[in-house]
Amino acid sequence: MRRLLALVLAAALILSFASCTGNSNPGGGDTVANTNNSSSSASTGVESFVSDLTSSGFEFTESVTSDGNIIIDMETPNEDPDDPVGDTTARPSVPSIDNMPDEDETEETPSVPTVSTPSVDSTATPPGNNTVSSTPSVTTKPTYTYTSGQKHTAVGLHSRFLYNTLNADEKAFYNAIDTAVRNLESRVWTDKYPYENNLYFVYYIYMFDNPEHFYLGNSLTIVSQGGRYALILGYSDGVVHCKYGTAVPELNDALRQSIRAKKSKFDAAVNRIVSTIPSNAPAAHKEKLIYDYIQSNCSYNESAVWNGFCEDNWNAYGCIINKKGVCEAYAEAFQLLCLEVGINATCITGTYSGSHKWSAVQLDGEWYACDLTFDDPIGGGGKLYHSCFNRTSDWFTSRGYSTKSSKFKVPNCNGTKYSYNNYFK
C-alpha cells in the first residue's frame with residue numbers, strides 16, 4: 001500500500017525556517033512544527049485523524065528546500081525515512097493459494113462480461129427479471145446473473161462514510177474540494193489557515209471517499225494571498241506528476257486534457273460494468289456480482305513498484321482499465337462499483353503481512369469487511385474465492401489483520417447475516 005506523501009508549505013506563507021523552531025505563523029499562535037493544534041478547544045474529526053496517525057507510529061519530519069519551501073513528510077510505520085519510494089527491489093506481498101484462510105469457500109468462475117464486451121448471458125431472462133435455479137431443492141433461492149442495460153442510483157457524496165465523520169467546517173471544505181476536483185481546478189481557497197486544526201487533511205479524506213477521482217496525487221502546496229489561503233492540488237495522469245517531497249506544479253491545459261481523456265475512458269468502462277448488474281437484485285447479490293467480476297477480470301500485478309506518485313497499479317483505474325494492480329487497486333475499484341450501484345462502501349487501511357488495504361460495505365445498516373486481494377490468489381486455478389467475503393472485524397483480526405496504523409476512521413464490521421456461508425450457501 002502506498003504511503004501518504006509530502007505536504008509542502010510554500011514560501012508564499014511568509015514563513016521562515018525559524019517558524020519551524022518556535023515562531024508564530026500568520027494563522028495566529030500555532031507553530032508550523034506543531035502538527036496537532038495546541039488550543040484547548042475540543043478536537044475536531046480531522047484532528048483525531050492526525051492524532052491517530054501519531055499514536056499509530058506515523059512520523060512527521062520537516063525540512064527546507066533550497067528555494068525556501070517547508071516540506072512536511074508523513075512516514076508510515078516501519079518504513080525507511082531515507083527512501084521515499086520504499087525498497088524497489090523487494091517483491092510486493094502477494095496473495096497465495098497456500099495462505100487462504102478457508103479454502104473450501106470456492107466456486108467455479110461464472111461467465112462474466114468483460115469491460116470491453118459486456119456480453120449478456122444467453123440463459124438470462126430479460127433485464128428486470130431474475131432467473132431461478134432449475135435444480136430441485138428443498139428451498140429454492142433466487143439467483144441473479146449479469147445482464148445489460150441496468151440503471152442504478154449511486155450513493156451520494158454526502159452519504160459516504162468518511163464525510164459523515166467530519167464537523168460542519170470540515171464538510172464545507174470537503175465540498176469546496178469536490179467542486180475544484182470536478183472542474184479540474186488547481187486551487188481550493190479558504191479563509192482558515194489550512195495547517196491550523198489540520199484542515200488540510202480533509203483533502204486526504206476526500207481522496208479516500210471518492211475513488212472515482214483516481215488522478216488525485218498525494219502532495220499539496222499551501223499558499224497565502226490577500227489574507228486568504230489556498231491548497232494547490234496535486235493532479236496526475238500517471239505520466240506528469242508531483243515528485244515526492246517537492247512543491248506541487250500548477251495544473252496546465254495539457255495535463256487537464258490528458259486527465260479528461262483518461263477519465264472519459266474510465267467512466268465509460270465503469271458505466272458498462274454497472275449496467276450489467278441487475279437493478280432488481282438485493283444489495284448483497286449486487287455486491288457479490290461486483291466481487292466476482294473483479295476477481296474474473298483483474299490480476300494482482302506482482303511486478304508493481306511504487307514510484308512515488310499517482311500510479312495506476314495503486315488506484316481503481318488499474319483494476320478497471322488495465323485489469324491489474326495491487327491491493328489498493330482492488331479495494332478502490334470494489335468501493336467505487338459498490339457506490340455506483342447504491343451500496344455504501346469504504347476502504348480500510350492497516351497491515352496484514354505488511355501494509356495492506358481492504359474493503360467494507362454496508363448492508364441493511366450493518367457493516368461487513370471484505371478482502372478481494374486475498375480472495376483472488378496467485379495460482380487460484382480460475383476459481384472464485386469467498387473466504388474473505390462479508391466477514392466481521394473480529395474475524396479479520398483473529399487472522400492477523402490490524403488497523404492500528406490506519407490513517408482513517410474504520411467502520412465496526414459486525415454484520416453476519418450476509419456472510420458467504422450464511423446467505424449464499
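Which residue takes a positive phi in the hairpin of β13 and β14? The legends below answer this and describe the surrounding strands.

**View 1. Overview of the predicted protein chain.** This is a predicted model, in which local features need pLDDT of at least 70 and side-chain atom pairs count only at pLDDT 80 or more, while totals for chains, interfaces and linings use all residues. Residues are numbered from 1 along each chain as its sequence is written, and side-chain values use heavy atoms, with hydrogens and water left out. The protein chain has nine helices and 15 strands (DSSP runs numbered from the N terminus: helices are H or I of at least four residues, strands are E of at least two). Of its 425 residues, 53% are buried (under 20% relative accessible area with a 1.4 Å probe, protein chains only; exposed is over 50%, partly exposed in between). Where contacts (heavy atoms within 4.5 Å) join residues at least 6 apart in sequence, 69% of them link residues at least 24 apart.

**View 2. The open sheet of three strands, β12-β13-β14.** The strands lie in the order β12-β13-β14 with antiparallel pairing (two strands pair if DSSP finds at least two bridges between them). β12 and β14 are the edge strands, each pairing on one side only. From one strand to the next, the twist averages 30°. Strand β13 (residues 355-363) is largely enclosed by the rest of the structure, because seven of its nine residues are buried.

**View 3. The hairpin of β12 and β13.** Strand β12 (residues 345-351) runs antiparallel to β13, and seven bridges join the two. T351 stands opposite S355 in β13. Three residues lie between the strands of this hairpin, where S353 takes a positive phi near 55°.

View 4. Five bridges hold the antiparallel pairing of β13 with strand β14 (residues 366-370). L363 stands opposite E366 in β14, and S359 has C370 of β14 as its bridge partner. Two residues separate the strands in this hairpin, and the residue with the positive phi is D364, near 50°.

**View 5. Helix α5 against the sheet.** Helix α5 (residues 283-297) lies across β13 and β14. The helix runs at about 150° to β13 (axes are lines fitted to C-alpha atoms, for helices over the stretch in contact, with angles from 0 to 180 degrees between N-to-C directions).
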